[in-house]
Amino acid sequence: MKDIINKKDLRGDLFGGITAGIVAIPLALAFGSSSGMGAIYGLYGAFAIGIVAALFGGTRTQISGPTGPMTVITALVVVYAMEEFGDLDAGLGFLVACFLAAGAIQVLMGVFRLGAFIRYIPYPVLSGFMSGIGVIIIILQIFPAFGEASSPNTVTVIKNLSDFSFVSKINLAEVGICIATVLIIYLFPRVTKAVPSALVALVAMTALAAVLNLDLRLIADENGGVPKGFPEILIGNLSSVDSAHLAVVFKFGLMLAALGAIDSLLTSVVADKMTRTRHKSNQELIGQGLGNMTSACIGGLPGAGATMRTVVNANAGGRNKISGVIHGTLLLLLLLGLGPLANMIPFSVLAGILFTVGISIIDRKGFKDMKAVPTSDSLILWTVLVLTVFWNLLFAVAIGVFMAFAVSIKKNGFSGTMSLIGSAEKAAKGDAPTVTNDVIVHSVKGPQFFATVFAFRDLIANFPKSKFAVLNLNEVTDFDQSAAYGLDDALLDLKDGEYTPLLIVPGFNSNLTILEETNVIPGTISSDQVFADSKACAEWLRSNAGEDSAKALESQLKG
């Protein structure tokens, strides 16, 4: 019960939940519209998943609801349903079945403790995948920004753009409203960050369009618009799904479940870093699954842990599950009282909001560091990105993971790769290094790659309390992109734990270059805390902490 409500944190939880709920309003409407189901279904999913996943999940500050990646998959399911059943109403039972299957699969993933497998997805795969999702969202909003309905996939949009016949149909008012929306979202935070800029853009541009009586496509024109009142229970619609559809239901359910698991657990890691807590990955999957099953029963969009909303919640003071419940309750109250006002919102405003969402999802750090990381990591990132945008999202991830393991096996051999993973896991579960005179030393050995990153961080998390934490990389033979970023996170963990981190890394190999070019050095650890050998590190300790600390380092490295 304490992780749900803590009286000491209640004020922060209240502000965090309300702020996250305000941020969620325009996003829920935009994702609902972009999915092809309708804006109202985005709100249904936002409040249902928001409340249930918060109560039953394993991350205290997680805010859940429809997300960009999940909406991309949902749009594919909607296209299939409309082609198969003729229209959205006839295919609603199929959609409910797919969303229920996704939630049920996530619950089973949690029950069978599959949450830990997120650690084996390499950073270049995640980077390429998330950037690909961002590109998809941007491409699919091009025609709504022009005043036309969006095409169902990126390939069709690009084909339609290539013949230039759309130019004569462009509504300049729609384009202007869309551009103004984007500008407000990016510029309003310079005025104040007290009010979410996306909400300001939504209200201001909707009001402007209404006052000027502009000829724009509105949410009211979409599937009957946004009704007022509690949503209808749609379990009865499952009768329209027969045995011939079960294989497709399972396929889409598995896609949504896997993507939702990745999306949610990555957000849980972000929440951990912000609040210095540790999430329960398998419990989080169960909570997300129950949330998606609840949402499915009322036709709401499936969702996942939402990074931006979780960050907003934590920054506003949210520390317990009640903040997520407050966020979902606020959305429900909006739906019950003010839902019809959403009918006045132009699609071009939602397109502008989604443009900024797509841009925020693209991993700029991964691209910026591309010259610094091994060529194989860059190749994997680009492969996954292209396959995500133009082919199949889950196949893109599977191929990227296969490529990463193939690279590791080529370098270390199959048995060597498995041995490295096993030894990293064993070290993380074993006894942490001892502390001598406020100095703790851990020597990292052999190649460091994506499959050893989380085990290394687990080990760091279990360090006993000391003043100085020395990471000795003298025997590390290789760093890939995942390992470099993993070390960066580990150093941040140490600093959050009030350790002074010190790094021993020889200057004659490529490891130092990678750490410098990815800005681990000096971005996270200053250059004067990085040493070419243990002797230099001992001298630093001798000058800054005393003779006993220097001798402690020397004795631990000898041991």
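**Salt bridges, helix packing and a nonpolar surface patch**

Glu539 is partly exposed, with a relative accessible area of 39%. In this predicted model, Glu539 forms a salt bridge with Arg542, with an N to O distance of 2.7 Å. Both residues belong to helix α22 (residues 534–544), where they are three residues apart, about one turn of the helix. An α-helix has 3.6 residues a turn, so residues three or four places apart point the same way. Arg542 is likewise partly exposed, at 26% relative accessibility.

A further salt bridge pairs Arg542 with Glu554 (3.6 Å, N to O). Because Glu554 lies in helix α23 (residues 547–558) and Arg542 in helix α22, this pair ties together parts that are twelve residues apart in sequence. Glu554 is partly exposed, with a relative accessible area of 34%. Through shared partners, salt bridges join Glu539, Arg542, Glu547 and Glu554 into one network.

The structure contains six salt bridges. Among them is the pair Asp369 and Lys368, whose closest N and O atoms are 3.3 Å apart. Asp369 is buried, with a relative accessible area of 0%, whereas Lys368 is exposed at 58%.

Helix α16 (residues 375–390) comprises 16 residues and spans 23 Å between its first and last C-alpha, close to the 22 Å expected. Its buried residues are Asp377, Ser378, Ile380, Leu381, Val384, Leu385, Thr388 and Val389. These cover an arc of only 160° around the axis and therefore lie on the same side of α16. They pack against α5, α7, α15, α17 and α20.

On the surface, Leu108, Val111, Phe112, Leu114 and Phe117 form a nonpolar patch with about 520 Å² of accessible area together. Leu108, located in helix α4 (residues 92–111), is partly exposed at 46% relative accessibility.

Conventions: Residues numbered from 1 in each chain as written. Predicted model: local features only at pLDDT ≥ 70, side-chain atom pairs only at ≥ 80, totals over all residues. Heavy atoms only, no water. Patch = residues over 30% accessible without salt bridge, like charges linked within 9 Å, V, L, I, M, F, W, Y side chains within 5 Å. Areas by Shrake-Rupley, 256 points an atom, 1.4 Å probe, with all protein chains shown as cover. Salt bridge = Lys/Arg side-chain N within 4 Å of Asp/Glu carboxyl O. Helix = DSSP H or I, 4+ residues; strand = E, 2+ residues; numbered from the N terminus. Buried < 20%, exposed > 50% of the residue type's maximum accessible area, 1.4 Å probe, protein only. Expected span 1.5 Å × (residues − 1). Arc of directions from axis to C-beta. Contact = heavy atoms within 4.5 Å.
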